[in-house]
Amino acid sequence: MWKFYTIICTLMPYAGILCAQERSSMGFEEYEPKSTLVVPEHKLTKAKFPFVDIHNHQNGLGSGDLRGILKDMDALNMKVMINLSGGNGAGLKRQTDNVKANAPKRFIIFANISFGGIGEPGWTEKAVKQLEEDVRNGANGLKIFKSLGLSVKDNTGKRVAVDDPRLDAIWKKAGELKIPVLIHAADPKPFWDPVDKDNERWLEIVTHPGRKRGPDNPVPWETIIEEEHRMFKKHPGTKFINAHFGWYANDLGKLSKLMDEMPHMYVEFGAVIAELGRQPKAARQFFEKYQDRILFGKDSWQPEEYATYFRVLETADEYFPYHKKYHAFWRMYGMNLPDDILKKVYYKNALKLIPAIDKGLFE
């Protein structure tokens, strides 16, 4: 892996002994100098208001004791966790049954679609019927993983587009059932770009090479994103939650146009808080304008990482680091959102979309 000190020693060959000692001892990802900047700091470990995490993944809700995860949730002030990895059929029912028995107010389960066999006679009807059954068994939403558009293939081996007409009945049924659809389409665009000095995700790709895609693997990034938007527009009667700010947290002007074009589209900021934290003025303006359609989402379940989200949302702190340098090597700034907007982002918008959430938890 490229070493940070290689540049130092190339530009300053007279450093001699120092470079010889340091060349192999530290890489760029390890280089984290302590800032000499003296500014107010508010390192939060708990949200100011109770919140709903709309984007979480748990595989152990189908059995066992939930007290451990509830303890972590309480420490964060998380009142409700949305588990997007609900599966379907018997597996989903095990989750909803265990939650009802042990923590009926604290978890909401989203169902998932099994795409295997799409294209076979009766597949669409079977998928719709399964969704109806899952909702009867306690599912309160539908989560679509990024495999749709990337790796899902039909029974002839052809890639299934996000806006494939064979899926239209599913999106329509979700609207009829009044459940939201949270969808993750594609991945950050730099994963499709050349891995060179101009790629802002260079460090992430080098340290996680499995995330790299070719320009047409399996199709250009823009193709998948456009498929998603066409699908949204075809189904105005269904509420869609575009995961990860639809990968436009780095272009809020573009996202703003999409929000205006599709008033039934909501967004959540799981795994993209670092994009918002490096543009606090523009991000705050976006939150002010779309305060009724932004949801709190985190994605990976690492309780200690929520502190970064609270700090960006709640404080006016300056120049503080993200918790994963390979993911975001820049410093961030707080948006200092007012309480009325914070409450909407933390829980009020989720209560509107998912009526099954117990409102009494937030009084």
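Good morning, colleagues. Please keep in mind that the structure before you is a predicted model.

I begin with strand 2, residues 78-83. Of its 6 residues, 5 are buried, and the strand is thus described as mostly covered. Strand 2 pairs with strand 1, residues 51-56, through 4 bridges, and these two strands run parallel. Within that pairing, Val52 has Val80 of strand 2 as its bridge partner.

The largest pocket has a volume of about 530 Å³. Its lining comprises 27 residues, and those closest to the centre are Lys146, Asp187, Arg211, Ala271 and Asp299. Sorted by class, the lining of the largest pocket holds 11 charged, 8 polar and 8 nonpolar residues.

The second largest pocket has a volume of about 340 Å³. Among its 19 lining residues, Glu41, Lys43, Arg311, Phe320 and Pro321 lie nearest the centre. Two or more lining residues come from each of helix 12, residues 306-314, and strand 10, residues 320-321. Which element gives the most to this lining? That is helix 12, with 3 residues. By class, the lining of the second largest pocket has 9 nonpolar, 7 charged and 3 polar residues.

Thank you for your attention.

Definitions and conventions
Residues are numbered from 1 along each chain as its sequence is written. This is a predicted model: local features need pLDDT of at least 70, side-chain atom pairs count only at pLDDT 80 or more; totals for chains, interfaces and linings use all residues. Side-chain values use heavy atoms; hydrogens and water are left out. Buried means under 20% relative accessible area, exposed over 50%, partly exposed in between (1.4 Å probe, protein chains only). Two strands pair if DSSP finds at least two bridges between them. On a 1 Å grid over the protein atoms alone, a cavity is a set of points where a 1.4 Å probe fits but cannot get out, and a pocket is an open set with protein on both sides within 12 Å along at least five of seven lines; lining residues have an atom within 4 Å of a point. Grid points are joined across faces, edges and corners, and a volume is the space filled by probe spheres set on the points. Ala, Val, Leu, Ile, Met, Phe, Trp, Tyr, Cys and Pro count as nonpolar, Asp, Glu, Lys and Arg as charged, and the others, Gly among them, as polar.
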